[in-house]
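User: Please take a close look at one part of this model and walk me through it in one connected account. Give the cut-offs for each term as it comes up.

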Amino acid sequence: MPGVLRLPARLLNDLRAEAAARPDEEVCGLLAGHGDTADTRLPVENALHSPHAFDMEPAGLIDAMRRIRESGRELVAIYHSHPHGPAYPSATDVAANQYPEAAHLILAREAGEWRVRAFRLDGEIAKLDLVVLQDSAGG
Ligand SMILES: [Zn+2]
């Protein structure tokens with residue numbers, strides 16, 4: 001069971017921007033890639049439009065899963081934001097988790113800054129090492 005989630009700095013910046021653009025509700029979606037490395041973000045509408053909970057809109061979720069499959073990628077992680085913190089899974093996140101095989105990335109605004117942490121919710125909460133891959137300098 002891998003204890004790491006890798007993603008490019010560009011993708012992390014996009015996630016932070018998405019969360020910051022919707023401070024009044026949790027944003028959510030899927031990260032696709034290969035193994036423990038995500039390279040693609042697929043936002044899904046939060047059907048609850050709540051700042052304290054999320055439920056991925058079913059049609060959007062099905063569409064995102066199809067796009068992952070058609071691109072030859074795998075589901076690597078679920079992401080969502082906590083506009084009011086903390087950067088830790090809520091009891092609901094653990095109870096409602098339908099993807100024990102995927103990593104869970106949480107973006108949380110704490111003290112005015114968006115913090116990002118990764119977990120695996122496999123019956124219990126296990127913190128993953130988040131490895132940010134620096135984009136090549138174009139060499
Ligand atoms: Zn949550």
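**From the loops to the zinc site**

Ala111 is exposed, its relative accessible area being 83%. Exposed here means over 50% relative accessible area, buried means under 20%, and partly exposed is the range in between, computed with a 1.4 Å probe on protein chains only. The model is a predicted one, in which local features need pLDDT of at least 70 and side-chain atom pairs count only at pLDDT 80 or more, while totals for chains, interfaces and linings use all residues. Residues are numbered from 1 along each chain as its sequence is written, and side-chain values rest on heavy atoms, with hydrogens and water left out.

The place of Ala111 is the loop between strand E5 (103-110) and E6. Ala111 has a phi near 55 degrees, which is positive although the residue is not glycine. His49 is another non-glycine residue with a positive phi, near 45 degrees. His49 sits in the loop between strand E3 (37-44) and helix H2 (58-70) and is partly exposed at 40% relative accessibility.

The zinc ion comes next. Which atoms coordinate the zinc ion? The donors are NE2 of His80, NE2 of His82 and two OD atoms of Asp93, at 2.0 to 2.6 Å. A donor is an N, O or S atom within 2.8 Å of the metal (3.2 Å for Na, K and Ca); water is not among the atoms, so sites may look incomplete. The angles among the four donor atoms run from 55 to 161 degrees, and the site is classed as irregular. To count as tetrahedral, four donors need all angles between 85 and 135 degrees; square planar (four donors) and octahedral (six) need opposite donors over 155 degrees apart and all others between 65 and 115, and anything else is irregular. For reference, the ideal angle for four tetrahedral donors is 109.5 degrees, and six octahedral donors ideally give 90 or 180 degrees.

Along the chain the donor residues follow the spacing H-x1-H-x10-D. His80 in strand E4 and Asp93 in helix H3 are 13 residues apart, and this pair links distant parts of the chain. His80 is buried at 2% relative accessibility, and Asp93 is buried at 10%. The C-alpha atom of Asp93 is 16 Å from that of Val116, at a sequence separation of 23 residues.

Asp93 also belongs to the lining of the largest pocket: 24 residues line this pocket, and those closest to its centre are Phe54, Asp55, Thr92, Asp93 and Ala96. The volume of the pocket is about 440 Å³. A pocket is an open set of points, on a 1 Å grid over the protein atoms alone, where a 1.4 Å probe fits and protein lies on both sides within 12 Å along at least five of seven lines; a cavity is a set from which the probe cannot get out, and lining residues have an atom within 4 Å of a point. Points are joined across faces, edges and corners, and the volume is the space filled by probe spheres set on them.

E4 and H3 are the elements that give two or more residues to this lining, and E4 contributes the most, with three. The lining divides into eleven nonpolar, ten polar and three charged residues. In this scheme Ala, Val, Leu, Ile, Met, Phe, Trp, Tyr, Cys and Pro are nonpolar, Asp, Glu, Lys and Arg are charged, and the others, including Gly, are polar. Asp55 is in the loop between E3 and H2 and is partly exposed at 44%.

The ring centres of Tyr88 and Phe119 are 5.4 Å apart with planes at 85 degrees, so the pair is edge-to-face. Pairing requires centres of Phe, Tyr or Trp rings (the six-membered ring for Trp) within 6.5 Å; planes under 30 degrees apart are stacked, over 60 edge-to-face, and the rest tilted. Tyr88 is in the loop between strand E4 (74-82) and helix H3 (91-95) and Phe119 in strand E6 (residues 113-121), so the pair ties together parts 31 residues apart in sequence. Tyr88 is partly exposed at 44%, whereas Phe119 is buried at 1%.

Key: Helix = DSSP H or I, 4+ residues; strand = E, 2+ residues; numbered from the N terminus.
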